[in-house]
Each structure stands twice: as C-alpha cells, then as structure tokens.
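This briefing concerns a single protein chain, shown below.

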Amino acid sequence: MQQLQLHSQSKLATLAPLFLVLIIDAMGIGLVLPLLGPMFISHTSAFVSTNMSTGMRDLLYGTTLAMFCFFMFFGAPFLGDLSDHLGRKRVLLICLFGTAVGLVISAIGVDIKSVFLLIAGRGVTGFMCGSQALAQAAIVDISDDTNKTINLSLISLASCIGFVLGPIMSGLLTGPSLLQKYGLASPFWVGAVLALLNGVVLVFTFRETFFPKAVQRLHLTKGIKVFIAAFTNKSVRRLAIIYLVAELGFSLYFQLIPIYLVNAYGATSVQISHVMAFINRI
C-alpha cells in the first residue's frame, strides 16, 4: 500500500508541472488579445503613429496575431520531432526558456514602441509554443488505461484555465496595480517570469517520460507535410476541411472582437480583457 501511495505521489509530482506548462502556454495566447486592439486600432494610442492609416493599423494588428500561429505551425511538429530525439524534458525546457525570451522581446518592443520587435517576439513565442503538444505527449506517456481518459480531460481543463487567466492577467496588470508604470508591457514581463519559474520547477520535479531508442531525423517542414497529408488522404480530407473552416470562422469572430470594442465603445485594454475572459470561460 505504501509503495502504491509513493507511486501515486511520484505521478502527481510529474503531472503538476506539465499541467502548469499547459496553463502558461494558453495564458501566453490569451494575454495578448486585450492589448493589441488599443495598441494598434485606437487613434489615441502612442504605440503607432497618429498619422498611420486605418488600413495599415489593421494590417499590423492582423500580422502580429498571425505571426504567433504561423511560427507555431512550423515549430510544434519540429519540436515534437526533437523531443523524439532528445526526450521530452530537454525540449520542454527549451520551449519554456524560449517562450520567456520571446515574451521579453515583445515587452521590449512595447516599451520602445517598436512594431518590428513586438512581431518578432510573437514569432519566437509561437515557435516555442510546441511545449503544449509536448506536455500532452508526456502526460499520455505516463498514463495507463485506468487514468488516461481523466488525464486527457484534465489537459483540456488546464488549457481552458490558461485561456481565462490570460485576459484576466492582462486586465489586472494594465489597470491600477503595482506594475501599472510598465504599461502595456507588464503582461509580457510577468508572462516571461512565469515561463522561467515553470522551467525551474520542471528541472527539479519532472522525470523523463520518453527515452529515444533510435536517432530520429529532424524535419523542419513536417508541419507542411502533415497539412498536405491531411488533405490528400481521402479518409480525413472532409473532416480536415470542416475543422479548418470552423477554426477560421471562430478566429475571425474572436480576433475582431477587440477591434469592434475599440471602434464602437473606445474600450481600454482592461475592459477588453473582461470581455475576452468571459467569452473564454463560456
């Protein structure tokens, strides 16, 4: 009985930092959305020139959002391959510390009003977002038939918590708070600190769950190959198209909400964060 209890505690110690990885990854996505609308769309924003046209503001807003997903498209499959080569723990640490670097670059970009650095930071963060898939893989590695279903459901729960906490954190940090003097950059700085702390926790608590038996060849373009395979395979093509259209529709709706709130109501980042957190909770 005591041995079984120790085994359960060991599994819990391994699972806890993995769920924290999932939460922080989702927070990294959610914390940015309330900020970009006021930064790019609001004509009172000091981040972009007041003489910039509405079309250019919309283009920069969309590019900043798209850069994260674009690099995640290439990074997630590549980092998955890399974890099959080096093991889950090493690559998870690379992802977490890389995420921290990306958030710091974005924070500096916001501080010095550099659109290029902000977009570059979002690209780095997106490429390193493969930690979410790696954490899921590691959780599956240590799950068995008795707990696999509940562990997979907890993965979804952790992601949902992160999506809710991200906008809430943006609102708290950009509103009246001790970090208000850092302005819109404060959520990026705090996100970077959380990623670093999670990496430190992972170093001391996480036990490797996958041990490569053979050297794997790395493919940076695996994301493209998987995407093409999904649409050339007749058995999954229809489902892939349906899922693609559904995700496209939701992303258009979800990412245009901050623009609408700024244009229609002159909403601030704090007000937008409340709306986004409520939508994510639903």
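Which helices each supply at least two residues of the lining of the largest cavity? They are helix H1 (2–30), H4 and H8. The model is a predicted one. Its secondary structure comprises 11 helices and zero strands, and 43% of the 282 residues count as buried.

**Overall fold**

- From the N terminus on, the elements run α-α-α-α-α-α-α-α-α-α-α.

**Cavities**

- The protein holds two cavities of 30 Å³ or more.
- The largest cavity contains about 50 Å³ of space.
- Its lining is formed by Ile-24, Met-27, Gly-28, Leu-31, Thr-99, Leu-103, Met-169, Gly-191 and Leu-194.
- H1 gives the most to this lining, with three residues.
- Gly-28, one of the lining residues, is placed in helix H1.
- Gly-28 has a relative accessible area of 9%, and it is therefore buried, the cut-off being under 20%.
- Leu-103 also belongs to the cavity lining; the C-alpha atoms of Gly-28 and Leu-103 are 8.5 Å apart, although the two residues are 75 residues apart in sequence.

**The largest pocket**

- The largest pocket has a volume of about 1600 Å³.
- The pocket is lined by 36 residues, and Cys-69, Met-72, Tyr-243, Glu-247 and Ser-251 lie nearest its centre.
- Two or more lining residues come from each of H1, helix H3 (54–86), H7, helix H9 (222–232) and helix H10 (234–265).

- Helix H8 (residues 186–205) has 20 residues, so at 1.5 Å a residue it should span 28 Å; its end C-alpha atoms are 28 Å apart, in agreement.
- The buried residues of H8 are Ser-186, Pro-187, Phe-188, Gly-191, Ala-192, Ala-195, Asn-198, Gly-199 and Leu-202.
- One of these, Gly-191, is also part of the lining of the largest cavity.
- In H5 the buried residues include Val-115, Leu-118, Ile-119, Gly-121, Arg-122 and Gly-123.
- Thr-125, Gly-126 and Phe-127 of H5 are buried as well.

- Ile-150, Leu-154, Leu-157, Ile-161, Leu-165, Ile-168 and Leu-172 make a nonpolar surface patch of about 580 Å².
- Ile-150 is placed in helix H7 (residues 148–174), and Leu-154 is found in helix H7 too.
- Residues three or four places apart in an α-helix point the same way, because the helix has 3.6 residues a turn.
- Leu-154 counts as partly exposed because its relative accessibility is 31%, which lies between the cut-offs of 20% and 50%.
- The C-alpha atoms of Leu-154 and Phe-19 are separated by 8.1 Å, while the two residues are 135 residues apart along the chain.

**Backbone at Lys-113**

- Lys-113 is found in the loop between helix H4 (88–111) and helix H5 (115–127).
- Lys-113 has a positive phi of about 60°, although it is not a glycine.
- Most residues other than glycine have a negative phi.
- The relative accessible area of Lys-113 is 47%, so Lys-113 is partly exposed.

Key
Residues numbered from 1 in each chain as written. Predicted model: local features only at pLDDT ≥ 70, side-chain atom pairs only at ≥ 80, totals over all residues. Heavy atoms only, no water. Patch = residues over 30% accessible without salt bridge, like charges linked within 9 Å, V, L, I, M, F, W, Y side chains within 5 Å. Areas by Shrake-Rupley, 256 points an atom, 1.4 Å probe, with all protein chains shown as cover. Salt bridge = Lys/Arg side-chain N within 4 Å of Asp/Glu carboxyl O. Helix = DSSP H or I, 4+ residues; strand = E, 2+ residues; numbered from the N terminus. Expected span 1.5 Å × (residues − 1). Buried < 20%, exposed > 50% of the residue type's maximum accessible area, 1.4 Å probe, protein only. 1 Å grid on protein atoms, 1.4 Å probe; cavity = no way out; pocket = protein on both sides within 12 Å on 5 of 7 lines; lining within 4 Å. Points joined across faces, edges and corners; volume = space filled by probe spheres on them.
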